[in-house]
Amino acid sequence: MEKKTGNIFSTSELPIAAYIKAKNRFDLTNIDKSNLKRITWSFDIGTKEPQSLIAEYFSGGTVSAMDFYSEIRTLKSMVY
C-alpha cells in the first residue's frame with residue numbers, strides 16, 4: 001500500500017522502500033509499527049512523483065545490489 005500526503009510518501013512494501021532509499025537517498029521521516037503485520041515507512045520525497053518512483057522500480061530501475069541489500073537490512077533493523 002502506497003500513499004502520498006504533501007511531500008511525504010508512505011509504503012508498506014519493504015523492497016520499494018529499500019529501492020527508494022538506495023536510489024534517491026530520500027530522508028526517512030517515520031516508521032509506523034502500530035500494526036506489526038504491516039509496517040509503513042514514510043519518506044520526504046519533495047516534489048518527486050511517487051508513481052514515477054514505483055514505475056521505475058517495477059520497470060527494472062537499477063541500483064547497486066550492495067546498496068539495495070544494505071537498505072533492506074537497515075530498514076528491517078529499525079523495525080525489530
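Modeller: Rings of Phe, Tyr and Trp (its six-membered ring) are taken to pair if their centres lie within 6.5 Å; planes under 30 degrees apart count as stacked, over 60 as edge-to-face and the rest as tilted. On that basis Tyr19, Tyr57 and Phe58 form one aromatic cluster. This is a predicted model, in which local features need pLDDT of at least 70 and side-chain atom pairs count only at pLDDT 80 or more, while totals for chains, interfaces and linings use all residues. Residues are numbered from 1 along each chain as its sequence is written, and side-chain values use heavy atoms, with hydrogens and water left out.

The structure holds two aromatic pairs. In the pair of Tyr57 and Phe58, the ring centres are 4.9 Å apart and the planes stand at 80 degrees, so the pair is edge-to-face. Tyr57 is partly exposed at 24% relative accessibility, whereas Phe58, at 60%, is exposed (buried means under 20% relative accessible area, exposed over 50%, partly exposed in between, with a 1.4 Å probe and protein chains only).

Tyr19 of the cluster also belongs to the residues of helix H1 that meet helix H3. Contact here means heavy atoms within 4.5 Å. Among the H1 residues involved are Leu14, Pro15 and Tyr19, and the H3 side includes Phe68, Ile72 and Leu75. The residues of this contact divide into nine nonpolar, no polar and four charged (Ala, Val, Leu, Ile, Met, Phe, Trp, Tyr, Cys and Pro count as nonpolar, Asp, Glu, Lys and Arg as charged, and the others, Gly among them, as polar).

Note on methods. Helices (H or I, at least four residues) and strands (E, at least two) are DSSP runs, numbered from the N terminus.
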